[in-house]
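Here is a friendly walk through one structure. Have a look at it first, and then read on.

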There are 2 protein chains.
Amino acid sequence: MAKREKSQPTVIPRAAASRLSRYLRYLEELDRNGVTTTSSQALGAALGVTAAQVRKDLGYFGQFGYPGLGYKIAQLTPELRRILGTDKAWNVALVGIGNLGTALLRYKGFSAHGFRIVALFDASPALVGKRVEGNEVHHVDEISARVRECNIELAVLSVPGEAAQAVADRLVEAGIRGIFNFAPALLNLTQEVAYVSIDLALELEQLSFVVTQRERESGL
Amino acid sequence: MAKREKSQPTVIPRAAASRLSRYLRYLEELDRNGVTTTSSQALGAALGVTAAQVRKDLGYFGQFGYPGLGYKIAQLTPELRRILGTDKAWNVALVGIGNLGTALLRYKGFSAHGFRIVALFDASPALVGKRVEGNEVHHVDEISARVRECNIELAVLSVPGEAAQAVADRLVEAGIRGIFNFAPALLNLTQEVAYVSIDLALELEQLSFVVTQRERESGL
DNA sequence: TAGATTGTTAATCGATTAACAATC
DNA sequence: TAGATTGTTAATCGATTAACAATC
């Protein structure tokens with residue numbers, strides 16, 4: 001069975017990419033437990049998707065399995081890291097050093113997956129020049145210079161909604177490649193900049209919606 | 001045009017419910033700007049979806065518009081709140097008062113949308129009994145008693161991945177209706193408990209994936 | 001070899017978009 | 001009234017699942 005990736009990169013459903021991360025997490029767990037081989041059946045069962053889904057998702061990127069045997073964890077794991085781009089370390093800027101920003105800075109999950117927060121920015125004079133978790137906070141005016149200087153490719157945005165677009169514009173102008181946005185705002189970005197956004201209140205509202213719907217269904 | 005909701009609750013796509021929250025946000029903004037009327041066309045253009053999508057999404061829940069006129073913001077806004085369940089205040093428990101938990105506790109976006117964090121829990125003896133933002137931290141053993149006592153329906157989980165399932169089990173046993181999970185763990189929950197989960201590292205990995213894909217496309 | 005499981009094509013399912021009669 | 005826009009049905013598009021020949 002061929003071991004090389006696809007030359008024709010068909011359009012990949014976003015949901016498939018998200019599942020790839022989950023497969024990787026589970027493979028890492030299996031590896032820690034000393035398991036060396038798995039199958040689309042086993043992976044799917046563990047993560048609540050069908051075996052066909054697993055094979056289809058992997059199939060977007062190449063042929064990684066062995067018919068009759070399944071997948072070798074030691075082989076598939078680095079392939080998934082390569083596909084997801086986490087086979088290298090990323091330099092990340094953190095803009096907005098408030099409660100959420102500080103929590104994100106301290107969050108171990110980012111560094112554990114190769115994301116290094118190497119520069120902090122804030123607009124508040126009270127914060128600029130201070131050190132947070134060993135990193136100096138710079139003024140947002142310095143974004144452009146430092147993003148280039150430190151080879152920063154990704155930015156995490158945890159500023160107030162009103163400030164988000166202006167900061168995003170600076171980041172884009174500085175040549176950032178992707179923005180992870182926590183501000184409750186719709187950002188207008190050029191197509192070249194990748195974009196992932198989380199609106200915490202909106203997500204909690206989704207929970208409220210589902211609970212409410214079920215209460216109405218059962219109560220009536 | 002009829003003004004009443006559907007009696008037959010067809011299955012609602014999850015993506016549609018998420019857009020509902022966005023429509024509501026935008027209507028609130030329009031209202032602040034003194035706008036009184038809008039249309040599916042205008043709403044869709046502002047949020048990057050088609051007018052047909054907007055009408056279809058609203059159509060799952062009833063008839064709220066006026067042909068030829070559009071939607072009256074003063075009417076549609078409370079309807080959306082009612083649909084999403086944010087026309088009432090929710091009592092929320094916060095379990096795990098670490099960096100992220102504390103940031104979530106201070107986050108103004110939750111209370112602004114009617115979510116009141118009314119009880120804090122942690123397993124650490126160093127934290128139990130302390131006050132954080134004016135709220136006493138209770139031991140996780142007290143979850144069951146306090147969830148019932150304070151009429152808590154939702155819980156935010158910001159505990160380490162290893163602890164998540166055990167805490168979730170306690171919450172379910174205490175009769176919680178929905179869990180908003182930040183722990184990087186797959187939770188096994190009964191069907192009756194609603195569930196929204198955010199894995200921060202996984203989301204950042206999605207950003208890395210998109211950036212990597214584009215670099216490979218353009219670089220080769 | 002016989003059994004198991006892959007990769008991939010075809011069939012199904014669900015969500016989005018287009019079209020249009022109804023109507024403000 | 002004429003113009004605009006809804007609610008809804010039908011058409012399209014995309015993603016998931018099933019099926020199965022290839023093959024370890």
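How much area do chain A and chain B bury between them? Chain A and chain B bury about 5,600 Å², 64% of it on carbon and sulfur atoms; buried area is the accessible area (1.4 Å probe) that two parts lose on being put together, summed over both. A:Leu204, A:Glu205 and A:Leu207 supply 12% of the area that chain A buries against chain B, more than any other three residues.

This is a predicted model, in which local features need pLDDT of at least 70 and side-chain atom pairs pLDDT 80 or more, while totals for chains, interfaces and linings use all residues. Residues are numbered from 1 along each chain as its sequence is written, chains are lettered from A and ligands numbered from 1 in the order written, and side-chain values use heavy atoms, without hydrogens and water.

Between chain A and chain B there are 6 salt bridges, each a side-chain nitrogen of Lys or Arg within 4 Å of a carboxyl oxygen of Asp or Glu. B:Glu205 forms a salt bridge with A:Arg25, with the closest N and O atoms 3.3 Å apart.

Now to the DNA. Of the 27 residues around DNA strand C, A:Ser40, A:Gln63, A:Phe64, A:Gly65 and A:Tyr71 come nearest; a residue is near if one of its heavy atoms lies within 4 Å of the strand. Sugar and phosphate account for 69% of the atoms of DNA strand C that come within 4 Å of the protein. Some side-chain distances to this strand follow.

| Residue | Atom of DNA strand C | Distance |
|---|---|---|
| A:Tyr71 | phosphate oxygen | 2.7 Å |
| B:Arg19 | phosphate oxygen | 3.2 Å |
| B:Arg55 | base nitrogen | 3.1 Å |

Conventions
Polar contact = N/O pair within 3.5 Å; in protein donor to acceptor, adjacent residues only side chain to side chain.
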